[in-house]
Each structure stands twice: as structure tokens, then as C-alpha cells.
Amino acid sequence: MTTMTMHRATREPIIEVSDLRKTYDGRAVVDGVSFTVEEGEIFGFLGLNGAGKTTTVECVEGLRVPDSGRVRVAGLDPVADHEAVTGILGVQLQESALQSKLTVQEALELCSAFYPRPLDWKPLAERLGLTAKLTTRFGKLSGGQKQRLFIALALIGSPRIVVLDELTTGLDPRARRDTWELIEDVRNSGVTVILVTHFMEEAQRLCDRIALIDKGRITALDSPHGLVDRSPGSTVISFTPSAPLDNEDLAALPALRSVEHKEERITLSGTDETVNAVISLLVSKRITAHQLRVSDATLDDAFLDLTEV
Ligand code: ADP
């Protein structure tokens, strides 16, 4: 990977969406969604399948026409100014859009031709580790190589914003981590990234801010850390007590969210207050806590708390 210049995010909204609505067959699949994306951030949409993530993002891309609401991309209306928006916004192709016999180089050349000011595809291929694969047919690439090609194709028009939808689905952990590094590299080059995902770990690792989408609505919008903090069980403590603890004593702990027993091991979630109280309880009972672990809840926990499953 070649080195790239670090840019500081300018923190100006480049995407503005207010009260976006889209209905299919009388059912609101996007139901009053509002958010802004600042230039230079990685902004994630996280939600279960069918939550309305892709519909929202495709309204931003101008690929779907909203029933109502206002969408602006760099001040432009993606439907009325579709051509201008296409020049600003790089969209990830779906796998079905590329013929399997096309080579990597042919795909890069073909896509360059769509844009007025395409990037030089050779350094782009180099940056994405595709130089050795230029003559390989798309159908023969591994999952990780295909994803790298999709990132290259999304960037070839020199966009200010790039939209990546379920980019790492189906990748092995190594290829997923490599793809994450590439996405960070893209953002560090000054491109705003919109990431649609249902992987918590991916959202937590990459996103500056995450919009949790549930049934067509944004249920929370915050930094990954902020979302975890909102979760009522934001601190988790687990230990194996040297003698059994009374269930009633545990249930009486302040701000307790959940208690789980697995053989001798006890895991409690709550707040820092819960943790302090359980430690006092152990001291007062002269019970030792073996393998004591205190950790923050994960985005998984926050997601479950903030989404009606
Ligand atoms: P997500 O990206 O979160 O998985 P989508 O935005 O793809 O969700 O879909 C949201 C809901 O809208 C789903 O229930 C889906 O079946 C429905 N939907 C999406 N596109 C259409 C369409 N063109 N016609 C009818 N229903 C649609």
C-alpha cells in the first residue's frame, strides 16, 4: 500500500437528509429519517436485514425517488441533479453488474470511461493491491480480491463520497480486516465514506458515527462509544466466587441489568455503581472473586437494547 496524505475532517455537512419517507405497497420502509454526514467522516448505517438501510442510501444516491423529504448531496438534489451527484458520489457495484470474463484491467478501464475526471487506474490498482491481478478474470478472483476491485471501481471517478454496502459480507476474517484497513485509508485520503453494514464489529471499528436503523426509523445516532454508553448495561463484570453468593443479594444490586450464571461463573451487567456494589458485597461476605473481569459492553449489547427484535 502506498502512503497517503492524512487529511483532517473539515466537519462540514456534505449530506443532509430531513424527514425522508419511502413507502412500498402501503408500508413505510423509510419512515421519517433525518441525518447529516460531515465531510471526511465514516458514517455507518447499522440495522437488521430489511430495516431500510439500502433504501435510505439509494435515495441519497438518487437511485430511488423519495415519497417526501429533502435530500441534498453537496447542496444538490440527487434526483433533479442526478448527473452532477453521480460525479460526486462513488457507488459500489453489485457482483452481478460485472461479467465474470472481464479482466481486472478491463473493468477498471471500462468504469473510467464513465467519468469526466477519472483517476489514473494504475496507481489505484497498485494502492488496492490489484497490480498482480490485472489480467485475471473477475470470476477467478477470491472474495477479498473482488471486494478490493469494487472499492477501486467505486473510487475511479474521483468521488468526494463513497458508498459501500455490505462490503465485507462473505469474507474470511483476514480479508475482512484487510478491507477495513483499505476503508480507513480511503477516508484518510479525504473521501467521505458511507458504510452500510449489519456487522457490529465492523461498525464499531470503522465508523465515526453510526445511525441505528430499525423498521425504517433511526433509533439512535451517535459515535460507537456514545451508543455503548447509552446502553443500560454498559459495564459488565464477571467472576468465579470462592463460595456461593445469595441470588437475592445479587438481585438487590443497584442499576443491575442482567445476571447470568454459567456453572460457577457469574456475569453481571449494569453500571459502575453495580460493579462497586458487587465488590462491597464480596468484601462483606469475605468471598474472593477469582478471574475477575470488568469490561465495557459492546456495540452488540447496545444494538440489542436499542432495537426491537
Ligand atoms: P436493508 O438494506 O436494511 O436490508 P432495505 O432498504 O433493502 O433494507 O429494505 C427495507 C424494506 O423495504 C424491506 O422489507 C424490503 O423488502 C422492502 N423493499 C425494498 N425495496 C423494495 C421494492 N423495490 N419494492 C418493494 N419492497 C421493497
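Is β6 mostly covered or exposed, and how many of its residues are buried? I found β6 mostly covered, with five of its five residues buried, where buried means under 20% relative accessible area, exposed over 50% and partly exposed in between (1.4 Å probe, protein chains only). The model is predicted, so I kept in mind that local features need pLDDT of at least 70 and side-chain atom pairs pLDDT 80 or more, whereas totals for chains, interfaces and linings use all residues. Residues are numbered from 1 along each chain as its sequence is written, and side-chain values use heavy atoms, with hydrogens and water left out.

Strands: I took helices (H or I, at least four residues) and strands (E, at least two) as DSSP runs numbered from the N terminus. From β6, Ile161, Val163 and Asp165 point one way and Val162 and Leu164 the other. I looked up pairing, which needs at least two DSSP bridges between two strands: β5 and β6 pair in the parallel sense over three bridges, with Leu89 opposite Ile161. β6 also pairs with β7 (residues 192-197), in the parallel sense over five bridges, and there Asp165 stands opposite Val196.

Contacts: with contact taken as heavy atoms within 4.5 Å, I listed Ile42, Ile151, Leu164, Leu167, Val193, Leu195 and Leu206 as touching Ile183, leaving out residues up to four places away in sequence.

Lining by element: β6 (161-165) is one of the elements that each supply at least two residues to the lining of the largest pocket, and α2 gives the most, with five residues.
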